[in-house]
Amino acid sequence: MLDAIWLIPLLPLAGAAVNLFLGKRLGKAAGWLAAGLVAAGFVVAVAALFDLLSLPADQRVHVVDAFDWISVGSFSVDVAFRADPLSMTMTLVVTGVGALIHMYAIGYMEHDPRFGTFFAYMNLFVFFMLMLVLADNYLLLYLGWEGVGLCSYLLIGFWFDRPAASSAAKKAFVTTRIGDALMLLGIVLIWVNLGSLDFDAVFGKAAGGLTQGAATAISLLLLAGAVGKSAQLPLHVWLPDAMEGPTPVSALIHAATMVTAGVYLVVRSHVLFELSGTALTVVMVVGLVSALYAALASIGQFDLKRALAYSTMSQIGFMFFAAGMRFYTGAMLLLVCHAFYKALLFLTAGNVLHGLHDEQDMRRMGGLREDMPVSTVWFAIGALSLAGIPPLAGFFAKDQIVSFAATSDRDLAWVLASFGAFLSALYIARPLFLTFFGRRRNEQHAHEAPALMQAPLAVLAFLAVFAGLVLGFTAEGGRLAGFLEPALGRAEFGEAAVSEGVLMAISIVLALAAVAIAFWVWASGRVDWEAFPQRQPELAGWLSNAFYLNQLYAWLVQHPGKGFGRALTVVDDRVIDAAVNEVAEEVGDASHLAPLIQRGYVRSYALAFLLGAAALLLFLGLRA
Amino acid sequence: MSTPISSFLVVSALLFSIGTMGVLVRKNALVIFMSVELQLNAVNLALVAFSRLHGNLNGQVLAFFSMVVAAAEVVVGLAIIVTVYRRRQSASVDDFTVLRG
């Protein structure tokens, strides 16, 4: 099946084409077609995975060269797909989680008049995402990269009749575009320095062909793209607003797949980042700062989906942090586990929104466990998994990253990461308790979601529980780490000041403490959290506005931009339009002269004709 | 002894001038039309005269062309004049000054 990996992206593309043109007529079948094709892609990917595993470990790279794409002089790029442990991991996550979310969306989007269009966009997104992860060169990766950005735009603004949704879509597109433009420069630099864009050629030649400065420049430019796509500081502002899109979109694009593309890019290009060294440090710092920043911001949110959005940003920060420490297998383990439990959390949030008729404010939820017992279980599993309660998936992934910081002599980073892990348990236990526990703050009865929407959640919940045990029981010997080793190498563990058992115990105690605190504050009824914004308006303002970075950007970019626009309007009105209008007016005035010789008498025309002809003849005659 | 070429050209020039004056000073569209015919035939005469001078048939061929074109033009022109007369009860070109600036 390895030669058929081109089928994996092609199936959803076919689905997108069919649904785009026939979606209206297919009715509900549009959704099943879309979900089925993504699932079929998953089946092909699993078959390819077994083929890959049957190869010896050092030969697990298979490139399928489909056709020449661009060939100009010495510049040549193929459409080529690459099956190696890294790309297969991503492909399985994208198709597997993608298929489940598609299935969920059939129920969630049931009453939407643009049902077929929605699934066309979703399938198109899966196609581009698969192009991104299966590409064998940077340009094809960039094609997928831009494509997922486009689909993100289309799906955030799917309900474009809401002004908030359409402006959120524009914001997401423009903000990520800043990173994309820099990333394209990085790709150009790769070609200029190494003369190729194929992964094997680039990584093979990099050690000899790149100076450290060039490697740093390329890595930082690629990182800029990754930061934009993965919503890390300073290009993170679009992600919370992107929650205006339908909830399955938030789960698929803004939690499980697209936002992790930045992590994939860094991990895929780790040869270049390692060559630079500086760039790896930047990756680590950006990740850690983003993780802490988003964790604090998440605690200040009352909108359920925005709280989850900041938690996504924080989790991806942890992935960057791990990649920056050269712990690529740890970053990938967290990526996979996060895809499971965050998709679960978002889709369960979708159940809540669905049940409460689009109520998103957690201050008007509370006590929903009576109405939605099943959803409560799903959300609790997702939240506890994220919080790092053993033996759920999130525990293994996050604990390994945090303790890796300790074992590699990064004590300050370890302290901060532990604090981040504590905060992440706090920020995810908070929506759990605010939404499903405590006092009821909403009179309407929330109806539980139908079976069609619960089935994918059951699968995701299963994965969110067991993925860690199965894939990453220990950092050195976990199955995922072993599988990725041919592509990413083995992470080098050092000796920590304390034993690994102690580190693990600290993680567990922190997570449990955070959940306990969250319960005490938001569910026990003994703390008047609703009065907090009045008692501490400053602190509450900083948290709920995410440290006012949005406002800072507005002040730095948006207002000067608007001022510049207004200045240009004045130039347009007073200079350009004025000049055109003046010319038109002059011509109009001059046209009053013409009728003086245009009196309508044939005779006068004939005379003019005669005189003209005579003059012409005279002129020619005199010249000869 | 044949007639010198200049005689033909003088006649031709005279006819052309009469035709031109007719076009310029007459008001009746039919008369103007006849004057135009006079001009055309003056030119035809000159063409045939030059043809003889040069000893080839080019000028005569051209004269035939202009006769054919003139015939076609008369057909169209007369039709227009008749139609306009029916609508306006006038054949005077000075009455037809609708197309002015």
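Q: How do the axes of helix α17 and helix α19 of chain A cross?
A: In this predicted model, the axes of α17 (residues 393-407) and α19 (residues 451-471) of chain A come within 6 Å and cross at roughly 45 degrees. Axes are lines fitted to C-alpha atoms, for helices over the stretch in contact, with angles from 0 to 180 degrees between N-to-C directions. Helices (H or I, at least four residues) and strands (E, at least two) are DSSP runs, numbered from the N terminus.

Q: Which residues make the contact?
A: From α17(A) come A393(A), G394(A), F395(A), F396(A) and A397(A), and from α19(A) come A464(A), V465(A), A467(A) and G468(A). Two residues are in contact if their C-beta atoms, placed from the backbone, lie within 7 Å.

Q: What classes are they?
A: The contact of α17(A) with α19(A) has seven nonpolar, two polar and no charged residues. Ala, Val, Leu, Ile, Met, Phe, Trp, Tyr, Cys and Pro count as nonpolar, Asp, Glu, Lys and Arg as charged, and the others, Gly among them, as polar.

Q: Staying on α17, is A405(A) buried or exposed?
A: A405(A), which lies in helix α17 of chain A, counts as buried because it has 25 C-beta neighbours inside 10 Å. The cut-offs are 20 or more other C-beta atoms within 10 Å for buried, 12 or fewer for exposed, and partly exposed in between, with C-beta atoms placed from the backbone.

Q: What is A405(A) in contact with, beyond its neighbours within four places in sequence?
A: Its contacts there are M325(A), R410(A), A413(A), W414(A) and A417(A).

Q: Changing topic, how are α3(A) and α15(A) arranged?
A: Their axes come within 11 Å and cross at roughly 5 degrees, so α3(A) and α15(A) are roughly parallel. The residues of this contact divide into eleven nonpolar, three polar and no charged.

Q: How many helices and strands does chain A have?
A: Chain A has 25 helices and two strands. Buried residues make up 52% of its 624 residues.

Q: How are residues and chains labelled, and what limits apply?
A: Residues are numbered from 1 along each chain as its sequence is written, while chains are lettered from A and ligands numbered from 1 in the order in which they are written. Local features need pLDDT of at least 70, side-chain atom pairs count only at pLDDT 80 or more, and totals for chains, interfaces and linings use all residues.

Methods:
Angles under 35 degrees count as roughly parallel, over 145 as roughly antiparallel, 65 to 115 as roughly perpendicular and the rest as oblique.
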